[in-house]
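The sequence and structure come first.

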Amino acid sequence: MPGYDFYRNVYHGSAVSDAEWAAYSARAVDQLARYKRVYTVTAPGPDSEAMALCAMAEALYGFDLLANGEAGPVQSAAIGSVSVSYGGAAAQAVDLSPKGQARELYRCASLYLEIYRGCG
């Protein structure tokens with residue numbers, strides 16, 4: 001599992017905080033382990049697997065933010081006592097169904113790994 005330093009300095013990620021990294025990267029590791037059970041997965045480069053895990057962890061983080069209404073386009077804002085609300089049509093355009101999330105996680109992993117059915 002890539003550490004937070006790898007996420008920030010090699011992957012150049014910034015969405016997930018250090019405090020939340022362990023939880024999201026562990027979920028990404030679990031998903032990649034499932035892919036390895038179901039598919040033939042090969043890493044074309046030395047950091048390919050770690051990069052895929054970072055991309056998947058960020059996607060999982062984004063899904064959670066959208067599902068909790070904490071992300072998406074700003075719907076309204078106030079300056080006085082600093083108020084903001086997220087959501088709207090653009091946030092709903094993201095498929096948060098289990099199938100939609102599975103497609104996105106697979107897409108993220110496929111950016112860095114070769115994943116296919118069958119024998120190698």
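The structure holds three salt bridges and zero disulfides.

**Basis of the model**
- This is a predicted model, in which local features need pLDDT of at least 70 and side-chain atom pairs count only at pLDDT 80 or more, while totals for chains, interfaces and linings use all residues.
- Residues are numbered from 1 along each chain as its sequence is written, and side-chain values use heavy atoms, with hydrogens and water left out.

- A salt bridge here is a side-chain nitrogen of Lys or Arg within 4 Å of a carboxyl oxygen of Asp or Glu.
- Helices are DSSP runs (H or I, at least four residues), numbered from the N terminus.
- Arginine 107 is partly exposed at 42% relative accessible area.

- Arginine 27 pairs with aspartate 64 in a salt bridge, and their closest N and O atoms are 2.9 Å apart.
- Arginine 27 belongs to helix 2 (residues 18-38) and aspartate 64 to helix 3 (residues 48-67), so this pair ties together parts 37 residues apart in sequence.
- Arginine 27 is partly exposed at 36% relative accessibility.
- Aspartate 64 is also partly exposed, with a relative accessible area of 23%.
- Lysine 36 and glutamate 49 form a salt bridge through their side chains, at 2.9 Å from N to O.
- That pair links distant parts of the chain, with lysine 36 in helix 2 and glutamate 49 in helix 3, 13 residues apart.
- Lysine 36 has a relative accessible area of 41% and is partly exposed.
- Glutamate 49 counts as partly exposed at 31% relative accessibility.

**Cysteines**
- No disulfide is present, the criterion being a pair of cysteine sulfur atoms within 2.5 Å.
- Cysteine 54 is buried at 0% relative accessibility.
- Cysteine 108 is buried too, at 4% relative accessible area.

Key: Helices (H or I, at least four residues) and strands (E, at least two) are DSSP runs, numbered from the N terminus. Buried means under 20% relative accessible area, exposed over 50%, partly exposed in between (1.4 Å probe, protein chains only).
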